[in-house]
Amino acid sequence: MTSYIDHPLLKKNAIESRLYQQVLAGDVLKKGNTMVVAPTALGKTIVAILVAADRLYKVKNSKVLVLAPSKPLAIQHEASFKDFINLPCTSITGAVKTDDRIKRWEESRIVCATPQTIESDLLNGRYDLSSVSLIVFDECHHGVGSYSYVYLASRYMQESKFNLVLGLTASPGSDKFKIKEVCENLYIQNIVVKTEDDADVRPYFNPVEIQWVRVKMSSELEKIKEYVDKSLKVRLKALKNMGVIKTVSVNKLDILNARGRVQGEIARTTNPDKELFQAISILSAVINIQHAQELIETQGIQTFNKYVARLRKKKTKAAKSLMWDDNFGRAVKMAKEAEKHGWEHPKLREITKIIKKELGASDGQTKLKTSRFDDKSDEKSSKIMVFTQYRDTLEMIHQKLEKEGIKSAKFFGQAPKDGEKGLTQKQQKAIIKSFKKGEYDVLISTSVAEEGIDIPAVDLVVLYEPVPSEVRMIQRRGRTGRKRTGRVKVLITNGTRDEAYYYSSIRKEDRMKNQLIDPDVLEELNASAIERMENEKRVKIIEKPKKENNFPIVYADSREGNSKVIRHLTEMEIDVKVRSMAVADYQVSDEVAIERKTAKDFIDSLIDKRLFKQAKELSEEFKHPLMILEGDDLYGGMVNPNAIRGSLASIAIDFGISIIPTRNAQDTAAMIKRIAVREQNGERTPIQIRTDKKPVSLMEQQLFIVESLPNIGPVNAKNLLTHFGSVSKVLNASESELQEVEGIGKKTAENIRKVVDSKYLYFEKEIKEKRLL
């Protein structure tokens, strides 16, 4: 007989009593900040619900914040918590309007949200985390680098009086240092690992069978690849002769490192040798060829051809050199012929065969099992997920399955690609809903469905290609085996990158498991997290004074909302106010404003010609304009260093903008704080921020009026005003006087006098109408 967990805040007979889940929840409540590592479908969300119920019951009027890396997953958590807990629960994502987000936060005890949205709201001062008694980081392995989880964990530890952190993941990664970073960033001091082999888990765990499906490259693909290989070999020999690489036996990482070295040499040289730029071009071509090799080996003809079509549109020397290359050109020609004849990668035939067999197809037609919509039967028609790395391959598989009479749905991200729109969140939800209902037999997805998408009862997962990441392999595998025994088939092309990627992921997964059960490693990770928590406590005791005017004030443009600079400013006893600003990124007084540019943004704005327009507006709007140039890789790109130096000189001399270098976002924040302190001198005088640009100058208004005359452009308008001296004299000049100005002919002069002297016809008409009345 099934027993259920009884708790004052849990719905009656809602959560089945599973000892391992209760023990995990108890460990979190007893030991403090914890990471729970467990396979997908083992009920990590239930553990979070049990911990949340206890915290909400014991810490009166507190809130629980559940964070998830995607909108669908956040909404999915909202549904789960509503199903089990008798308290107001809501979701907050970027799709919710600002005012509604504040209302939802205030009225709910459980908030399920995306971290970027919460971070933005905190930075804008819409609410704080002081009342949060538990924060749950789902898929907590994301807690590295500058991801929002890192900032939110730090902010939570500073603001909450009764903090507790729970991290959930099926795959923290194989790198001990990355796991350590996650623990430190999220203040985790305890790691609990549950596997399918644990005695208390085994009764509830559905095993997943993994099968390698090996295929052999076709002779057509081998010939195409042979010419691509020749194209690569020529360029590698050239690089070796130039001393850029030591051997032609290199991989993608070797080439990327070589490119970095050459870019560094260009940056350090006043007048770089032309050979360095030639080397950069060849290295870029090599990267393109290596990618082409991978597509031929692991994807297929169509995917390769689409990639070539994109290369043709590029204007770079590297792309053009490939299009002119005899060997690469032969490969392209053969690939076009192959597609015309319908020759494809053997994987495409194999995946079709697997799916037809799974669905019980024969004679090329899919037989749908009648039990699919039969609620009386536990037997369901198979549901299949196919994962592939590339959207082009996804489209190829979809077309093939449709030809075979197999109903399939394409599932990919929201970003557009090559003119094709991405799927909106609403469309994604509709596709998943239709798949659950059985309107589709196969869901073909890119990596977007690896994590957090609620797709229960998937019987078979087919990986069109293995991926070298153990995290992604675990996530893909976790889509099956949720309600019954799951199966995974991995397609591998013999003797290609497929094999290397698969072995790599297996080795990394084994290393991850060994590290997570190694007592010495766990002790080291826990000690590191505890040390950081102690440091944080020492810092957080210094509470901010209640009087807001004790802090210098910095206005930040709303477009900097997700910037790490604003994060660091909020940690430096600075009153940051985010506003929509017409000019500059930061303003610290009426006279001083700062444009912040990373090295990459500086180069991008130079290329797309934004740089000098921004500099002009900044110098016109403020008496003391500043530009902060962040990062030390300014000369690391393809732009000639002399062009960059010339731009810097122009900004400083022509526009009078002082340029201040900083190392990183934290250094930038410290510099902005120092400027604010200096400008404000301990006083909180009102600052007039520029929400709109200044009205145009008198000269610009004069030019605007004259330019509105017929056939008069900027040059002629300037000539007219220079000749006559004022707008009134231009308007009063006769035709012959107008023709004395360079660029003004007889016809133009006549048209100007006609416009100036003619009566306003509408006025005449209006007078007549009034007389009639």
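Accessible areas here come from the Shrake-Rupley method with a 1.4 Å probe, and for residues only the protein chains shown count as cover. By that method the protein exposes about 38,800 Å², of which carbon and sulfur atoms supply 50%.

This is a predicted model, in which local features need pLDDT of at least 70, side-chain atom pairs count only at pLDDT 80 or more, and totals for chains, interfaces and linings use all residues. Residues are numbered from 1 along each chain as its sequence is written, and side-chain values use heavy atoms, with hydrogens and water left out.

Begin with the whole protein. Its secondary structure comes to 30 helices and 19 strands, taken as DSSP runs (helices H or I, at least four residues; strands E, at least two) numbered from the N terminus. Of its 773 residues, 50% count as buried (under 20% relative accessible area; exposed is over 50%, partly exposed in between; 1.4 Å probe, protein chains only).

Next, select residues 746-757, helix α29. Thr748, Ala749, Ile752 and Arg753 are buried there. They cover an arc of only 130° around the axis, which puts them on the same side of α29; the arc is that of the directions from the helix axis to the C-beta atoms. Turn to the face away from the buried side, where the exposed residues Lys746, Lys747, Lys754 and Val755 are found.

Finally, select isoleucine 210 in strand β8 (residues 208-215). Isoleucine 210 is partly exposed, with a relative accessible area of 40%.

Key. The expected span of a helix is 1.5 Å times one less than its number of residues.
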